[in-house]
Every structure is written in C-alpha cells, then in structure tokens.
Amino acid sequence: MRKICVVVASRANYGRVKPVLTAIQKHPDLELQIVVGASMLLDRYGKAVDVLRKDGFTPLKEVYYMLEGENLATQAKSTGMGIIELSSVFQELAPDVVITVADRFETMATAIAASYLNIPLAHIQGGEITGNIDESVRHAITKLAHYHFPATEESGQRIRKMGEEEWRIRVTGCPSIDTLLCDKLELEDCRDFIKKRANVTIDLSKPFILVTQHPVTSEYMDGRKQIMETLNALRKFPVQKMVLWPNIDAGSNLVSLGIRSFKDRHENENFFYFKNFPPEVYNCFLENAVCLVGNSSSFIREASFLGTPSVIIGNRQEGREHGRNVIYADYDREDIAQKIECQLNHGRYESEHIFGTGKAGFMIADYLADVKLDINKRMTY
C-alpha cells in the first residue's frame with residue numbers, strides 16, 4: 001500500500017485539496033498522510049485545521065513555521081523554516097509520494113523538502129498563468145515535481161513545453177469543482193453557520209456581494225490603498241457586502257489594516273466581515289452571491305462553473321484562463337464601481353467547464369495508485 005502525504009498549508013488550498021484527501025482515504029491501495037502547517041493553524045486566519053478535523057480528517061503532524069510580519073523578508077524566511085520543518089516530518093513519515101498544491105510560498109517549501117529527500121512529488125494546478133511571483137513559483141515547482149495534475153488542457157500543454165514527459169502529466173480538472181458538487185449546501189444551512197459561529201446579522205434572504213481581496217506580493221506595500229479603493233467603490237451599492245480577511249502573503253497586514261480602518265469609519269453601511277468559511281459554506285456563498293469582487297482565483301475557477309458574475313481587480317490573476325463571467329478592473333474606485341454595476345445588470349452567466357467536471361480527486365488517486373515511482377526526470381526536448 002502506497003503512503004501518500006498531502007501537505008495542507010493554507011485555507012484556500014484546503015478547499016481545493018479536500019476531494020483529493022477523500023479519494024485517497026477511500027482508495028484500497030493508498031494510505032493517506034495529512035500534514036497541516038502555516039496559516040491553517042493560526043487563529044487570526046480562521047484556524048482552518050478545525051474545519052479539516054470536522055470534515056473527518058486527522059492530521060498526523062502539525063507544523064508551525066510562519067514568522068510574524070507579513071512582508072517579503074518574513075515570507076522568504078517562512079519558506080526556509082518550512083523546508084527545515086517539513087524535511088524532518090517527511091523523514092519520519094517516509095511517504096511514497098508527497099502532494100503539493102498550486103503556487104504559494106508554503107507550496108515551494110513542500111516541493112524543495114520532498115525533492116531533496118528523493119521523495120516523488122505530485123503537483124496539482126501546475127502550468128497556469130497568474131502574473132506576479134506566484135507564476136514563477138508555480139513553474140519552479142513544476143520542474144521539481146515528478147507527477148503533474150493540471151486543471152486545464154492549456155495548462156497541460158504548457159507543462160509539456162517545459163520539457164516534462166508525457167506519461168507524468170494527467171489533466172484532471174481542478175479538485176475545487178469536485179467540492180462544488182460533492183459538498184453542496186443550501187443557503188438555509190449557511191444561515192445556521194452564520195448564526196452560530198460568525199455572530200453577524202447579515203440577512204441571506206436578501207442579495208449580497210462576496211468580497212475577497214488578497215495582497216499582491218510584487219505590490220505588497222500598496223495593499224492598504226488597493227483595498228480602500230475596492231471598499232469605497234462598494235459603498236455606492238446598497239446591497240449587503242460580505243468581506244473576507246486576506247491570506248497570509250506579504251502585505252496582508254496592510255490589507256487587513258485597510259479593512260479595519262474602513263470598518264471603524266463606516267459602521268451600519270451593510271458591510272459584514274469574516275475570518276474564514278468552511279469550503280462548503282464558502283462555495284455556497286460563491287454560488288448565491290449576486291457578484292464577486294476582489295482577486296481570488298475562486299472567482300475565476302469555481303465561479304466560471306457556477307456562472308456567478310465576477311469583477312477581478314488588479315493584476316494578481318493577470319493572464320489566467322477565465323470564463324465569460326469575469327471582467328477586470330483597475331485599482332480605481334470609479335472603474336471598480338462601473339464594472340460592478342455592469343455585472344449586477346447582467347446577472348448570472350451560463351456554467352462553463354473550463355476547470356473540469358468534478359472528477360479530479362478520484363482521477364488523481366487512481367493515477368497515484370498505479371503510476372511507476374520514478375524520480376529520475378529527463379527533459380523531453
């Protein structure tokens with residue numbers, strides 16, 4: 001039986017990797033090992049490890065390696081700490097394969113630690129264009145990885161052009177689409193969550209906009225100014241606004257400072273603030289929002305499948321494949337407001353299957369159960 005170690009290091013990536021955890025756990029020829037680290041363990045980011053446990057998963061290891069500060073230096077140092085801590089964990093667990101997801105600095109730590117221990121590395125969501133440092137990290141992980149599970153055919157083609165062998169690539173779609181289909185909630189269920197855990201008075205029977213805006217690492221000093229443009233643009237609309245706190249990337253402290261400052265100045269203006277949602281609750285809000293505003297990749301991936309109108313602000317998702325539901329805006333409140341109004345007037349879009357049809361988790365598990373374990377890669381050109 002092959003031991004498959006999955007490192008879950010951010011709340012966003014948990015939602016994407018959850019179907020993979022489920023599929024590996026259910027596979028008769030695989031043994032699931034879960035390692036939880038970074039912002040998954042921190043209360044100020046929602047302590048998403050509690051959600052993971054509630055979903056029936058048991059982490060074998062919890063690894064703390066995040067440094068305070070949320071700037072470029074702490075991001076780089078946290079990556080180094082992650083390499084050190086995860087190297088020890090992998091030595092102890094001795095997995096046959098390590099799985100890592102997407103393009104974050106925690107993902108880079110996982111990739112380097114596994115590679116230097118001669119453990120085959122599987123990478124989910126490689127080959128994508130996203131702009132800023134995330135894209136460079138993603139492609140670097142592709143060259144470290146031994147097995148690739150891109151979300152789209154176009155991404156798979158980029159991986160081939162990077163010299164990866166064809167048999168190592170399996171286009172599976174994005175596991176986040178699996179979550180949309182397998183853990184579907186009704187708004188009534190989300191009302192219970194809001195009432196019991198979030199302690200806010202938002203009325204889910206009325207329209208709402210979902211807002212998620214993360215810092216851009218190449219522009220991290222501008223985070224406060226950028227989020228203020230977004231929030232002030234949203235003031236022009238009487239509809240309720242759900243605002244999620246940003247992720248842990250460099251500059252998140254400035255984005256958070258902007259949100260707190262705005263919150264103090266504009267009480268009773270239909271804004272509601274949240275640390276974190278479980279994946280199924282978040283997806284329910286993605287589906288039922290009248291518009292999505294910010295720069296989360298979920299506004300492109302999941303929202304294209306759901307047909308929810310999205311306004312993507314700035315260049316954090318620059319160049320990424322997207323559906324007809326997406327329009328882009330600059331960091332300017334007038335432009336943002338104009339694009340939001342356009343999307344509100346348009347209404348819902350037809351579903352598009354750019355990022356898969358909801359079978360990624362089991363495709364990944366089946367592949368890893370049968371594939372030849374081989375760390376000796378060669379360029380194909």
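How many aromatic pairs does a search of the whole structure find? The search finds 8. Rings of Phe, Tyr and Trp (its six-membered ring) pair if their centres lie within 6.5 Å; planes under 30 degrees apart count as stacked, over 60 as edge-to-face, and the rest as tilted.

A word on the model. It is predicted, so local features need pLDDT of at least 70 and side-chain atom pairs count only at pLDDT 80 or more, while totals for chains, interfaces and linings use all residues. Residues are numbered from 1 along each chain as its sequence is written, and side-chain values use heavy atoms, with hydrogens and water left out.

Now, the pairs. Phe274 and Phe277 are tilted, with centres 4.9 Å apart and 50° between the planes. Phe285 counts as buried because its relative accessibility is 0%.

Next, a cluster. Tyr147, Phe149, Trp167 and Tyr367 form one aromatic cluster. Over the face of Trp167 lies Lys372, 5.0 Å from the ring centre. Lys241 lies over the face of Phe271, at 4.6 Å from the ring centre. The cut-offs: NZ of Lys or CZ of Arg must be within 6 Å of the ring centre and within 35 degrees of the ring normal.

Conventions. Buried means under 20% relative accessible area, exposed over 50%, partly exposed in between (1.4 Å probe, protein chains only).
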